[in-house]
Amino acid sequence: MRLSHTLVPTLKETPAEAQIVSHRLMLRAGLVRQTAAGIYAWLPLGWRVLQNIEQIVREEQDAIGAQEMLMPTIQPAELWRQSGRYDAYGPEMLRIKDRHDRDMLYGPTNEEMITDIFRQSVKSYRELPQMLYHIQWKFRDEVRPRFGVMRGREFLMKDAYSFDLDYASAVVSYRRMMLAYMRTFHRLGVNAIPMEAESGPIGGNLSHEFIILAPTGESRVWYDAAFERMDYSPRAVSHESEADLERFFVQMTTPYAATDEKHDEAAWARVADKREGRGIEVGHIFYFGTKYSTPLGLAVAGRDGAPVTPHMGSYGVGVSRLVGALIEAFHDDAGIKWPDAVAPFRAAILNLKVGDANCDRLCEDLYAKLRGNALYDDREERAGVKFADADLMGHPWQIVVGPRGAANGMVELKRRMTGERQELDIDAALARLG
RNA sequence: CGGGGCGUGGCGCAGCCUGGUAGCGCGCGUGUUUUGGGUACACGAGGCCGCCGGUUCGAGUCCGGCCGCCCCGACCA
């Protein structure tokens, strides 16, 4: 895209409402605009990041055999009355009425709905296990939205649901999903650590939350450095091997890891290689047995023909929250430092002198060769403005094209994450970008 | 939901106490200037002063009500 005709309203000053760094930078870099408390519009740059994250999440779900689908945002209250959660959920649930005065709601999650859909068509044990997911907007009417998209009321979430014949099988599904999560966060460029968690309002007793490390994270975390050395690539762990999954699960849950609430000084004292930091919860997985299948009447015929109530689990990733969380993890005083995997553009081309024949020619050449992967700053702005905006937007690479170098076909390549720069000719620069 | 704060051009703010022609910086437009880290100067455009009502000759300013947003706490992907 050419920046001169792209809606990327960068701000020199921080809007008063933004407090934490990711929120400030998302506003300043022109990623989002707030529409109401906890509700945001995603502008072109932010939307690209969100989609990149979503795609990585999707690919790792697909990789373990989960099936993608899409459930609606609006749900009938009736379903929630069957599970008993219509009354239990409280004012966090946004309740609305349609024109026929029927009670509806904007879904905060989809256990009831998926269970209902599943029970309508799955009738035999032969069809289990199954894992389904969707990536959909949710709404939770938080009393106090804050931290920008990290604690919004409307948010994009990947939620998956597993259906198994019995507990043993459900545990395998659970572990498989944990594996997908570790791979997902690894691809996003962050360290994520699974920590045993309270099961919360969704219920159940096998539950982990995934904390990514960020210096400005909301809670303190203590963990064993063993987590930094683990390999859960497909080569090391097969999602189809129960033995692999068990070994993986033990590996992930044995070393010490805890947030404030569960930190245990005695156990911590026995950890040899200690790591402390701060973290942000970006995912949560639960096994909850027949909590929904029983009240909603989900049952399949077992081998002997008698009905069996499937065991379920649900697995969430806060996709929109991750945008904020990643910025918390990757930024400096000048702005965002996107990890390569999620950056809105791989590179920014900074034309320091629009109108200069050499600069224009070189930039156009680069822009064409990088296809859709570059944001071309073709604005008639001063160099300083372009540098500042590029740093703020956080493109992994900046290709600086100025009249001095351009005359000799040279450009300066800057790596945002490390700050390192080098003078290269066009081909070398492109090669470096990969 | 308890406690606190704030709503004034796009952004950041002053003006309100003590009513009397709506200001500043940034940004935006034009021109000159500058030309590798947010250049300088000049001119210019842009405002239901959150909304409704009241007091007053006169309300951004005083009074009442409402709405919105932010922060701390309790709660959460």
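Modeller: Strand β9 (residues 192-196) runs antiparallel to β10, joined by five bridges; strands here are DSSP E runs of at least two residues, helices H or I runs of at least four, both numbered from the N terminus, and two strands pair if DSSP finds at least two bridges between them. The model is predicted, with local features needing pLDDT of at least 70 and side-chain atom pairs pLDDT 80 or more, while totals for chains, interfaces and linings use all residues. Residues are numbered from 1 along each chain as its sequence is written, chains are lettered from A and ligands numbered from 1 in the order written, and side-chain values use heavy atoms, without hydrogens and water.

Biologist: In β10, which residue is the bridge partner of Met-195?

Modeller: β9 and β10 are antiparallel strands. Within β10, Met-195 has as its bridge partner Glu-209.

Biologist: Which residue of β13 is the bridge partner of Ile-212?

Modeller: β10 is also joined to β13 (residues 274-289), antiparallel, by eight bridges. The partner of Ile-212 in β13 is Ile-280.

Biologist: How many of the eight residues of β10 are buried?

Modeller: Buried means under 20% relative accessible area with a 1.4 Å probe, protein chains only. One side of β10 has Leu-206, His-208, Phe-210 and Ile-212, the other Ser-207, Glu-209, Ile-211 and Leu-213, and both faces are covered. β10 is largely enclosed by the rest of the structure, because the buried count is eight of eight.

Biologist: Which residue of positive phi follows α1?

Modeller: Helix α1 (residues 21-28) is mostly covered, with seven of its eight residues buried. Among them are Val-21, Leu-25 and Arg-28. After α1 comes a residue with phi near 75°, Gly-30.

Conventions: Buried means under 20% relative accessible area, exposed over 50%, partly exposed in between (1.4 Å probe, protein chains only).
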